[in-house]
Amino acid sequence: EGRARRAAGADAAAGPAPPAPPGVPGEAEPPTPELVEVEVGGTALLKCGPSHSQANFSHVDWFSVHKEKPTLIFRVRKGQGQSEPGEYQQRLSLQDRGTTLALSHVTPHDERVFLCQGKRPQSQEHRIQLRVYKAPEEPTIQVNPLGISVSSKEPVEVATCVGRNGYPVPQVIWYKNGHSLKEEKNRVHIQSSQIAESSGLYTLQSVLKARLVKEDNEARFYCELNYRLPSGNHMKESQEVNVQVFYPAEKVWLEVEPSGPLKEGDRVEIWCLADGNPPPHFTISKQNLRTEEMEEMTPEDNGALVFESARKEHSGLYQCQGLDLETMASLLSDPQELLVNYVSDVRVSPAAPESQEGGSLTLTCEADSNQAVQFQWLREKTGRVLVEGPELRLHGLKREAGGGYRCVASVPSVPGLNRTRLVHVAIFGPPWMTLKERKMWVRENALLNLSCEASGHPRPTISWSVEGTAQERDQDPQSVLSVLSVLVTPELLRTGAECVASNSLGRNTTAIFLELGKQPASTGLSTSTVSPSVRANGTSTEKKLPEPESKGVAIVAVTVCVLVLAVLGAVLYFFYKKGKLPCGRSGKQEITLPPSRKSEYVVEVKSDKLPEEMGLLQGSSGDQRAPGDQGEKYIDLRH
């Protein structure tokens with residue numbers, strides 16, 4: 001982590017050596033003991049002097065010296081060892097042919113001087129200082145949970161560091177933001193103590209006290225333990241901690257979320273903020289536009305004023321006030337304006353536009369806003385943009401021009417801010433049927449739903465030629481859908497049903513034919529099989545198709561068509577034989593018929609295509625169609 005690695009010296013970490021035992025009277029002071037280092041739990045190898053020969057170890061006594069008192073712990077006689085009763089009895093053994101005494105399972109209590117004495121040829125002794133080491137556990141650190149106020153006049157506890165089960169007692173160093181702390185009068189104080197466990201190991205406890213300032217609120221503190229092992233100097237570090245620092249606020253300000261332009265419908269939050277810890281008690285005020293005085297508002301528990309769906313009335317000047325409950329000092333923020341952009345009250349005139357076929361209309365759109373507004377006109381059923389601008393001009397209106405038109409008022413400078421108004425254009429005319437004919441496959445005695453849809457202006461009413469339960473619902477201001485629930489009876493199969501739509505300008509019908517078949521009838525709105533030749537519309541002047549005798553009429557029609565084709569083929573063959581119809585020649589020649597027969601053969605072309613949407617904008621051109629003509633002619637084959 002980039003921290004410097006430090007360790008205490010071995011001499012500083014170790015305790016003082018016990019004094020040497022008294023020697024033989026009249027002899028010189030004994031030499032400095034030989035140093036042997038070992039970790040707790042290891043085995044210490046004690047050699048009785050490197051200068052002695054093998055003959056010198058035939059008769060040796062080993063002593064442990066505690067509080068200057070030597071105690072016999074082991075005897076060597078003729079190369080054979082014998083432990084004395086006591087604490088070392090089970091842990092001593094000879095090695096290296098009797099030259100080395102091994103002490104196993106070393107504990108901190110074994111840190112003392114050991115003495116060996118040889119008796120032959122003369123009395124000799126060798127002293128050994130045994131040093132014992134144990135690395136402490138990882139240090140733990142506990143921060144002051146109450147925090148520290150910068151107003152404190154004396155150093156206050158910041159954190160406590162604990163290092164357990166070490167030997168000897170390790171050294172502790174405190175750090176703040178990676179820099180070591182030293183004792184400083186009335187600013188920094190480090191108080192350390194140690195506890196001796198029954199095992200002989202030590203637990204170190206160090207308390208850091210300090211006077212902190214506002215900037216220390218983000219400071220990181222940790223402690224470091226330095227200790228020694230036979231392998232050298234080592235260290236361990238605690239985790240970093242942060243202590244809460246309390247200080248009064250010096251500034252209060254106001255923030256609005258989200259940032260950027262606001263619009264009606266946005267979720268808006270007004271926050272009061274301060275640079276104090278803990279933050280002061282906040283109140284939020286808004287300026288009254290009539291009195292120009294600040295009026296207090298009720299914020300949420302967290303000190304925020306929240307508008308779940310902002311409105312233009314929320315615009316205005318806001319201000320925060322912070323009250324420090326400890327010092328009772330009050331701070332005010334700078335006033336800040338909140339602007340909620342809006343587009344409202346979109347109006348179209350005329351509100352209910354209507355016109356005769358062939359007429360013209362001008363629709364004008366207006367809206368209220370605090371910003372510049374742009375307008376668009378769209379066709380409701382297609383979504384196609386018809387014109388940019390507040391006015392929509394419609395000329396040469398046909399029935400297809402009826403329906404919905406939508407004005408869109410938007411503010412380009414505020415993304416997403418727009419409002420719309422839908423208006424329905426009504427074209428006067430008799431009812432217009434969605435279908436002229438419908439054939440349905442049904443099962444006898446089944447309950448059947450028959451549907452019929454018509455539109456027109458004025459709005460048409462619908463009646464049925466058969467008894468049943470009818471329900472109506474409006475599709476739009478000029479359209480109505482009627483659903484009739486009936487029971488399929490032999491009479492209904494014979495006559496079918498007729499839907500009649502009428503208004504003050506005319507009437508129109510839809511004929512529904514029923515036939516028994518394998519296809520089941522729908523339980524909801526009926527699904528019908530419609531012939532392409534009857535998908536277009538007609539007015540009330542068109543004739544109703546036959547009911548029971550429709551099959552006979554079809555046979556007659558087919559027969560007539562076959563006869564006409566036969567006669568036409570005979571005529572063409574006649575002209576070919578006379579040379580008036582050459583084959584294989586280049587160019588084209590007109591087929592000439594006698595004047596008396598020219599009127600007998602007429603070719604009729606019919607389109608099944610429904611009318612497409614007409615050109616609506618000024619300047620569009622198209623063929624005019626007489627009122628009531630819905631784009632398709634029917635041939636009555638019964639006459």
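This is a predicted model: local features need pLDDT of at least 70, side-chain atom pairs count only at pLDDT 80 or more; totals for chains, interfaces and linings use all residues.
Me: Let's start with the cysteines. How many disulfides does the count come to?
Reply: The count comes to five disulfides. With the bonded cysteines numbered in sequence order, the pairing reads 1-2, 3-4, 5-6, 7-8, 9-10.

Me: What about Cys161 and Cys223, how far apart are their sulfur atoms?
Reply: The sulfur atoms of Cys161 and Cys223 are 2.0 Å apart, and the two form a disulfide. This pair links distant parts of the chain, with Cys161 in strand β12 (residues 156-166) and Cys223 in strand β17 (residues 221-229), 62 residues apart.

Me: Are Cys161 and Cys223 buried or exposed? And is their link left-handed or right-handed?
Reply: Cys161 and Cys223 are both buried. Their link is right-handed, with 65° about the S-S bond.

Me: OK, and which cysteine does Cys272 pair with?
Reply: Cys272 is joined to Cys320 by a disulfide, S to S 1.8 Å. Again the pair links distant parts of the chain: Cys272 sits in strand β22 and Cys320 in strand β26 (residues 316-323), 48 residues apart. Both cysteines are buried, and the link of Cys272 and Cys320 is left-handed at -85°.

Me: And Cys365 with Cys407, what does that pair tie together?
Reply: Cys365 and Cys407 form a disulfide with sulfur atoms 1.9 Å apart. Cys365 lies in strand β32 (residues 361-369) and Cys407 in strand β36, so the pair ties together parts that are 42 residues apart in sequence. Cys365 and Cys407 are buried, and the angle about their S-S bond is -90°, a left-handed link.

Me: You mentioned β36. Where is it in its sheet?
Reply: β36 belongs to an open sheet of five strands, in the order β31-β37-β36-β33-β34, with mixed pairing. At the edges stand β31 (354-355) and β34 (385-388); each has a single partner strand, so one side of each is left without a neighbour in the sheet.

Me: How does β31 run against β37, parallel or antiparallel?
Reply: β31 and β37 (residues 418-427) run parallel and are joined by two bridges. Ser355 has Ile427 in β37 as its bridge partner.

Me: There's a serine in β36 too, Ser410. What does Ser410 touch?
Reply: Ser410 is in strand β36 (residues 403-410). Not counting residues up to four places away in sequence, Ser410 touches Ala372, Val373, Gln374, Leu417 and Asn418. Ser410 counts as partly exposed because its relative accessibility is 23%.

Me: Which way do the β25 side chains point?
Reply: In strand β25 (residues 304-307), Ala304 and Val306 point one way and Leu305 and Phe307 the other, and all are buried. In a regular strand, side chains alternate between the two faces of the sheet.

Me: Switching to charges. How many salt bridges does the count come to?
Reply: The count comes to 24 salt bridges. One of them joins the side chains of Lys214 and Asp275, 3.6 Å from N to O. Lys214 is in the loop between β16 (202-210) and β17, and Asp275 is in the loop between β22 and β23 (281-287), so the pair ties together parts that are 61 residues apart in sequence.

Me: Which residue does Glu308 form a salt bridge with?
Reply: Glu308 forms a salt bridge with Arg267, and their closest N and O atoms are 3.1 Å apart. Glu308 is exposed at a relative accessible area of 54%, while Arg267 counts as partly exposed at 42% relative accessibility.

Me: And the helix, what's in α2?
Reply: Glu491 and Arg494 both lie in helix α2 (residues 490-495), three residues apart, which is about one turn of the helix. Their side chains meet in a salt bridge, 2.9 Å from N to O. Elsewhere, salt bridges that share partners join Asp345, Arg347, Glu366 and Asp368 into one network.

Me: Last one, Glu264. Why does Glu264 count as buried?
Reply: Because its relative accessibility is 18%, and the cut-off for buried is under 20%. Glu264 lies in the loop between β21 (262-263) and β22 (268-274). A polar atom of the Glu264 side chain lies 3.0 Å from the backbone nitrogen of Lys312. Beyond four places in sequence, the contacts of Glu264 include Ala310, Tyr342 and Arg419.

Methods
Residues are numbered from 1 along each chain as its sequence is written. Side-chain values use heavy atoms; hydrogens and water are left out. Helices (H or I, at least four residues) and strands (E, at least two) are DSSP runs, numbered from the N terminus. Buried means under 20% relative accessible area, exposed over 50%, partly exposed in between (1.4 Å probe, protein chains only). A polar contact is a pair of N or O atoms within 3.5 Å; within protein, one must be able to donate a hydrogen and the other to accept it, and residues adjacent in sequence count only if both atoms are side-chain atoms. Contact means heavy atoms within 4.5 Å. Two strands pair if DSSP finds at least two bridges between them. A disulfide is a pair of cysteine sulfur atoms within 2.5 Å. A salt bridge is a side-chain nitrogen of Lys or Arg within 4 Å of a carboxyl oxygen of Asp or Glu.
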